[in-house]
Amino acid sequence: MSGAQAYDPYNPFNDDAQKEQSEQPSNKNLHNLQNTLQETAGIMRNNIEAINQRGEVLEDIDTRANDLSTNAKLFNRSANQVRKDMWKKNLKLKLCLAAVIFILLVVIIVPIAIHFSN
């Protein structure tokens with residue numbers, strides 16, 4: 001071990017230049033592998049975050065779909081009630097019109113029939 005070099009706990013082969021040179025490509029490979037693992041872990045974190053956001057969006061869409069379905073059923077009931085009410089009004093109008101026509105015919109025909117019978 002040379003006295004000029006300080007001890008480096010991360011590099012146990014400081015004193016042996018030959019071992020350091022033989023370990024250097026291995027350290028580079030290890031460093032590259034660690035970088036690749038860190039990048040992959042970052043991508044996986046991003047993917048998990050995207051999945052969580054997608055899940056939240058899907059839950060929101062599901063909630064909106066349920067609300068829309070409920071509103072559609074309510075609208076359908078209201079529309080049917082309005083249709084029935086309008087049918088009843090239309091029927092009343094037709095019956096009133098028929099009654100008026102019948103009364104007019106009676107008012108016109110009865111005096112004529114009485115006049116001809118005398």
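Modeller: Let us start with Arg-83, which counts as exposed because its relative accessibility is 52%, where buried means under 20% relative accessible area, exposed over 50% and partly exposed in between, with a 1.4 Å probe and protein chains only. This is a predicted model, in which local features need pLDDT of at least 70 and side-chain atom pairs count only at pLDDT 80 or more, while totals for chains, interfaces and linings use all residues. Residues are numbered from 1 along each chain as its sequence is written, and side-chain values use heavy atoms, with hydrogens and water left out.

Biologist: What share of the 118 residues is buried?

Modeller: Buried residues account for 2% of them.

Biologist: How many salt bridges does a search of the whole structure find?

Modeller: Side chains of opposite charge can pair when their charged atoms come close. A salt bridge is a side-chain nitrogen of Lys or Arg within 4 Å of a carboxyl oxygen of Asp or Glu, and the search finds one. Asp-60 pairs with Arg-64, their closest N and O atoms being 3.4 Å apart; both lie in helix H1, four residues apart, about one turn of the helix. Asp-60 counts as partly exposed because its relative accessibility is 36%, whereas Arg-64 is exposed, with a relative accessible area of 56%.

Note on methods: Helices (H or I, at least four residues) and strands (E, at least two) are DSSP runs, numbered from the N terminus.
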